[in-house]
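The sequence and the structure come first.

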Amino acid sequence: MSRPSLRRTREDRAVQPQTADALAAALRSGSRRALARAVIVVPRVLDADLIEGAGLNLAEYVALVELSQAPGRAMRMNELATLTDLSRSGLSRLIERLVRQGLVSREPFADDGRGRVAQLTEAGLRRLEQAYPYALASVRRNVMKFLACLDLPAFAQAVGSFAPDDAYAPVRRTARS
């Protein structure tokens, strides 16, 4: 078995900031590190606040929100897995917990019977309505108060540029050569 080469390839060298000034600005501002921390910290604090206030974790809350906005409050499991950023097995475990609580039902897909559909129940909708104020307060306390000094429409447009609605498409891993 050969050891992997530690030499940088032409492709590795090509993945560089456009200019030295751009790299210096990014390092000076710490923007990449701050964004990486925010991506980790924000969901954690929202999760903790939802658990404490509403007894739902963030993944459960997001699944209920997505179902509440779907036509007929129902969605195929594979689509819901993509929207919640969970693996199929992770979503199956989450939906099973919600089914046991009576918040969601799971039925065969009517068109072909192969897939499964998760559907929000009336109890699930009521639970979501009870959790919403806790989620909103957490977002305001942990995110929005820090953005108050920004031009929020411009910020929303910028975020929408790198995280558009169609960004939910699943990423497929490929074998490394």
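Among contacts (heavy atoms within 4.5 Å) in the protein between residues at least 6 apart in sequence, 51% join residues at least 24 apart. The model is predicted: local features need pLDDT of at least 70 and side-chain atom pairs count only at pLDDT 80 or more, while totals for chains, interfaces and linings use all residues. Residues are numbered from 1 along each chain as its sequence is written, and side-chain values use heavy atoms, with hydrogens and water left out.

**Overall make-up**

- The protein has eight helices and three strands, taken as DSSP runs numbered from the N terminus (helices H or I, at least four residues; strands E, at least two).
- Read from the N terminus, the order of elements is α-α-α-α-β-α-α-β-β-α-α.
- Of the 177 residues, 22% are buried, where buried means under 20% relative accessible area, exposed over 50% and partly exposed in between (1.4 Å probe, protein chains only).
- The protein exposes about 13300 Å², and carbon and sulfur atoms supply 55% of that area; the areas come from the Shrake-Rupley method with a 1.4 Å probe.

**Helices α4 and α7**

- The axes of α4 (residues 58–69) and α7 (residues 122–147) come within 10 Å and cross at roughly 120°.
- That angle makes α4 oblique to α7; angles under 35 degrees count as roughly parallel, over 145 as roughly antiparallel, 65 to 115 as roughly perpendicular and the rest as oblique.
- Axes are lines fitted to C-alpha atoms, for helices over the stretch in contact, and angles run from 0 to 180 degrees between N-to-C directions.
- From α4, Tyr-61, Leu-64, Val-65 and Ser-68 meet Gly-124, Leu-125, Leu-128, Ala-131, Tyr-132 and Ala-135 of α7.
- The residues of this contact divide into eight nonpolar, two polar and no charged. Here Ala, Val, Leu, Ile, Met, Phe, Trp, Tyr, Cys and Pro count as nonpolar, Asp, Glu, Lys and Arg as charged, and the others, Gly among them, as polar.

**Helices α5 and α6**

- The axes of α5 (residues 77–84) and α6 (residues 88–100) come within 9 Å, crossing at roughly 100°, and the two helices are therefore roughly perpendicular to each other.
- Met-77, Asn-78, Leu-80, Ala-81 and Thr-84 in α5 meet Arg-88, Leu-91, Ser-92 and Ile-95 in α6.
- This contact comprises five nonpolar, three polar and one charged residue.

**Positive phi in loops**

- Arg-73, in the loop between α4 and β1 (74–76), has a positive phi of about 55° although it is not a glycine.
- Arg-73 counts as partly exposed, at 29% relative accessibility.
- Asp-85, in the loop between α5 and α6, is a residue other than glycine with a positive phi near 60°.
- Asp-85 counts as exposed, at 71% relative accessibility.
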